[in-house]
Amino acid sequence: MINVENIRQQFPILFQEVNDEPLVYLDNAATTQKPQAVLDKLAYYYEHDNANVHRGVHTLAERATKEYEAAREKVRRLIGANETAEILFTRGTTTSLNWVAKSYGDLAVGAGDEIVISYMEHHSNIIPWQQLAQRKGAVLKYIDITADGYLDLENAKKQITDKTKIVSIAHVSNVLGVINPISELTVLAHQHGAIMVVDGAQAVPHMPVNVQELDADFYAFSGHKMCGPTGIGVLYGKRALLEKMEPVEFGGEMIDFVNLQDSTWKELPWKFEAGTPNIAGAIALGAAVDYLTDIGLENIHQHEADLVAYVLPKLQAIEGLTVYGPQKIEDHTGVIAFNLEGLHPHDVATALDMEGVAVRAGHHCAQPLLKYIDVPATARASFYLYNTKADADRLIEAILATKEFFQHGPI
Ligand code: PLP
């Protein structure tokens, strides 16, 4: 059990009014708020330790380097990677997936080869593969989704074949809120000699993840969705694969020797981190990892499951409201996309904002998914560790008020 009232006290941004109502922040799938410990770490770094990493021999440079590398170790521990050489700092999930598609993709994919993703992917896990397929004359295939909102494993077995070189799937969907069976997919991919890439943007912040247990070959996630700053993210990759890959970017920090016509690279993980990295971001991400692990990812997961068990039946009971993704409480994470019959989700989100309730509306960077389920857009409420049942009540009240307003006008 987590003490949500204590947790809320750590997030100063939550204590404000929006449109004269206390803020209820339910847009956590887009980005999460930052606890005081993360804000303090950022300020402390710039006030005391700011220097470039891996270069200077002076004290500040040593301190910055030590903290930067300590953050890498914290991330390694969080996701159960074997060694810090397998943890690359990137700008976020998008950059991480682009690196895999460019570097590993260029190495391993040829004309006629297949890349398999699913219809529920975020654009970040679609477009890099489209680009790779176009560069190489490869084929991009999509795994179906069942009518009740799950990844169709039977279809996955058909789509993944001996021609498949890469399978890349979201661990948790940012629209359907469903957890995908990554271990089963990894076994399938490996049986056919393909590698398994996981988009963990909506998983790592919310539940325990162990990349070795999943046997994922690459695993990508973003700092800003897990209480860390924007502009910092992670790509985990198995050493054997990273060793074979070329860096995506070239320049300072990542080189060993530079000659006039050629150069050699540093060892892992630094060979991928060209230029001055987001030092403050990485260090503050380390503080976010400390914060989340102190509370416990299992506890955070349970808290969100309790919130879903509370709010999902209330949403399902509203006449004219459709919840997308699994309808079973135990299969739905805290990402809840919905529509109100006859209302555009942008109008719904604007009306909820008038009540101080922040939700997202649109295609959620998943246009192929929305086309697949045949809805142009949805509203989406997404919960995190600092949300309460009172927040859920405010959401429900605001939806009912919105419905009433559009049906009968102002009271
Ligand atoms: N993948 C999923 C499932 C996401 O939800 C997101 C963000 O919304 C991304 C990828 C992209 O993350 P970022 O914008 O931090 O690179």
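How much area do domain 1 and domain 2 bury between them, and what percentage of it is on carbon and sulfur atoms? That's what I'd like to walk you through this morning, everyone.

A quick word on the model before I answer. This is a predicted model, and the chain averages a pLDDT of 97, with 100% of the residues scoring at least 70.

Now, the layout. The domain assignment gives us domain 1 as residues 39-294 and domain 2 as residues 296-404. Their centres, taken over C-alpha atoms, lie 28 Å apart. Domain 1 brings 33 residues to the contact, and domain 2 brings 28.

So, back to my opening question. The two domains bury about 2,400 Å² between them, and 63% of that is on carbon and sulfur atoms. On the domain 1 side, please find His123, Val175 and His206 on your screens: they lose the most area to domain 2, together 26% of what that side buries.

What about polar partners? Between domain 1 and domain 2 there are 16 residue pairs in polar contact, with both residues at pLDDT 80 or more. Salt bridges between the two domains, on the other hand, number zero.

Let's stay with domain 1 for a moment. Helix H10, residues 279-295, supplies the largest share of the side touching domain 2, namely four residues. Taken by type, that side has 19 nonpolar residues, nine polar and five charged.

How values were computed: Residues numbered from 1 in each chain as written. Predicted model: local features only at pLDDT ≥ 70, side-chain atom pairs only at ≥ 80, totals over all residues. Heavy atoms only, no water. Domains from an automatic or database assignment. Contact = heavy atoms within 4.5 Å. Buried area = accessible area lost by both parts, 1.4 Å probe. Salt bridge = Lys/Arg side-chain N within 4 Å of Asp/Glu carboxyl O. Polar contact = N/O pair within 3.5 Å; in protein donor to acceptor, adjacent residues only side chain to side chain. Helix = DSSP H or I, 4+ residues; strand = E, 2+ residues; numbered from the N terminus. Nonpolar A, V, L, I, M, F, W, Y, C, P; charged D, E, K, R; others polar. pLDDT = per-residue confidence, 0-100.
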